[in-house]
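Thanks for making the time this morning. Please have a look at the chain on the screen before I go through it.

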Amino acid sequence: MGVTTYSSAVINFVPEFATAFYAAVRRHDHAVIDAGLRNFILPLIAIRNRKKGMPVSIIKAGMKVIGRNSGPVRSPLTDLNESEIEEVAALVASLPGTIARKREAADNRTRSQAQPGLTWRMT
């Protein structure tokens, strides 16, 4: 793309992805860059671009998805609806090594401890 710097608010809710994406940009790893754009950034932008004022709303939705609810946006902005939040959650959950996946693994461990004989395996 020709840029030499990178800044993204997604670092607030998917820091592992944001830092890995930046590292890929710095080392010119086009395979990782293309995958990050195709699988996360462009779908997130598509949600963000549906309504005016969504850049703040989508970051707050991302924070909510990872369990760090930062409250509603201020008027005249509007929050994402439940369906849009579910879309953001699915994007976050699809990223390897994200907080959402770590929380899911912890939840699975808690469930297996609560139910003797039941084991959970992350693949």
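Predicted model: local features only at pLDDT ≥ 70, side-chain atom pairs only at ≥ 80, totals over all residues.

Residues are numbered from 1 along each chain as its sequence is written, and side-chain values use heavy atoms, with hydrogens and water left out.

Helix H1 covers residues 15–26, where helices are DSSP runs of H or I, at least four residues, numbered from the N terminus. Its end C-alpha atoms are 16 Å apart, which agrees with the 16 Å that its twelve residues should span at 1.5 Å a residue, the expected span being 1.5 Å times one less than the number of residues. The buried residues of H1 are Phe-17, Ala-18, Phe-21 and Ala-24, buried meaning under 20% relative accessible area and exposed over 50%, with a 1.4 Å probe and protein chains only. Seen down the axis of H1, these buried residues fall within an arc of 125° (taken over the directions from the helix axis to the C-beta atoms), so they line one face of the helix. They pack against helix H2, residues 30–48.

Ser-57 sits in helix H3, residues 54–65, and counts as buried at 1% relative accessibility. Beyond its neighbours within four places in sequence, Ser-57 is in contact (heavy atoms within 4.5 Å) with Val-73, Thr-78, Asp-79 and Leu-80.

Pro-76, by contrast, is exposed, with a relative accessible area of 74%, and lies in the loop between H3 and helix H4.

Methods. Helix = DSSP H or I, 4+ residues; strand = E, 2+ residues; numbered from the N terminus.
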